[in-house]
Amino acid sequence: MTKIFSTLYILCFFIGFAAEATYTITLQKDQNQYPVESRFVEQLEDKNASYTIGQVSSDTLSNLFKASGEAMLRNTDRNAAYWFKINILNTCNESQQWLIESFNFRLNEITFYIKTDSGYKEIKQGDLLPFKNRSIGHKNFECLLPNSSDTIQCFLRIKTKQPASFELFIRRIDTFTTYAIGEYFLLGIFYGTIGIVAFFSLCMLF
């Protein structure tokens with residue numbers, strides 16, 4: 001009898017561990033934004049920056065993804081590309097639009113891959129690419145998520161030459177809009193004040 005209970009206990013432990021290791025971010029209606037914490041993300045270091053989305057999503061490389069074990073996502077090798085796998089479950093109203101946002105706007109390359117029925121949709125951005133390439137005209141990098149009640153699988157590929165941390169957020173579109181308008185309003189006041197001071201100083205110089 002003791003042996004049976006021990007076996008059941010071990011089985012429950014591994015089931016619980018497996019459930020906890022799914023790395024899924026669940027979107028709920030009572031919250032409007034989520035930080036993408038490292039504990040919710042599996043990552044793969046591409047030392048030669050040569051992997052394609054087909055390779056990293058295959059069984060061969062997909063099994064090599066693992067949690068970094070660090071408090072923050074970052075690049076430790078500036079010549080490598082970093083792939084991140086995020087699973088997102090939307091339990092909210094399907095009409096509510098969500099997006100992924102990168103707070104670090106100095107990344108050389110950041111590419112979002114969203115899984116669809118026909119493959120992966122690619123959205124490539126970065127500070128080395130034209131501003132018009134961005135899906136949303138904002139200083140940060142954003143990618144709209146599909147409205148789906150199924151689990152959304154998203155891959156991110158980030159490559160940048162400078163040491164960087166990757167601060168990612170999942171936000172509701174209305175929350176993002178409110179934040180972006182307020183941010184640009186304050187930036188307008190800041191740069192407007194600098195412009196007035198510069199113009200006044202120029203007048204005094206002459």
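Which residues make a nonpolar surface patch of about 340 Å²? Phe185, Leu186 and Ile189 do. Patches here take residues with over 30% relative accessible area and no salt bridge, joining like charges within 9 Å and nonpolar side chains (Val, Leu, Ile, Met, Phe, Trp, Tyr) within 5 Å. Keep in mind that this is a predicted model: local features need pLDDT of at least 70, side-chain atom pairs count only at pLDDT 80 or more, and totals for chains, interfaces and linings use all residues. Residues are numbered from 1 along each chain as its sequence is written, and side-chain values use heavy atoms, with hydrogens and water left out.

**Overall layout**
- The chain has 4 helices and 10 strands, where helices (H or I, at least four residues) and strands (E, at least two) are DSSP runs numbered from the N terminus.
- Reading from the N terminus, the order is α-β-β-β-α-α-β-β-β-β-β-β-β-α.
- Of the 206 residues, 35% are buried; buried means under 20% relative accessible area, exposed over 50%, and partly exposed in between (1.4 Å probe, protein chains only).
- Among contacts (heavy atoms within 4.5 Å) with a separation of 6 or more, 75% come from residues 24 or more positions apart.

- Leu186, one of the patch residues, sits in α4 (residues 173-205) and counts as exposed at 57% relative accessibility.
- The 33 residues of α4 reach 47 Å from first C-alpha to last, close to the 48 Å expected at 1.5 Å a residue; that expected span is 1.5 Å times one less than the number of residues.
- Thr175, Phe176, Ala180 and Glu183 are buried in α4.
- The buried residues of α4 pack against β2 (33-35), β5 (98-102), β8 and β10 (168-172).

**Salt bridges**
- The whole structure has 8 salt bridges, each a side-chain nitrogen of Lys or Arg within 4 Å of a carboxyl oxygen of Asp or Glu.
- Glu42 and Lys85 pair up at 3.9 Å, N to O, linking strand β3 (residues 42-46) to strand β4 (residues 81-90) across 43 residues.
- Glu42 is buried at 13% relative accessible area, and Lys85 is buried at 9%.
- Glu101 and Arg171 also form a salt bridge, their closest N and O atoms being 2.8 Å apart; this pair ties β5 to β10, 70 residues apart, and both residues are buried.
- Glu45 meets Lys47 at 2.7 Å, N to O; Glu45 is partly exposed at 27%, while Lys47 is exposed at 53%.

**Cysteines**
- There are 0 disulfides in the structure, a disulfide being a pair of cysteine sulfur atoms within 2.5 Å.
- For Cys143, the closest cysteine sulfur is in Cys154, 5.9 Å away, so the two are too far apart for a bond.
- Cys143 is buried with a relative accessible area of 0%, and Cys154 is likewise buried at 0%.

**A loop residue**
- Leu128 lies in the loop between β7 (119-125) and β8 (141-144) and is exposed, with a relative accessible area of 63%.
- Its C-alpha is 5.5 Å from that of Asn108, 20 residues away along the chain.

Technical notes:
Accessible areas come from the Shrake-Rupley method with a 1.4 Å probe; for residues, only the protein chains shown count as cover.
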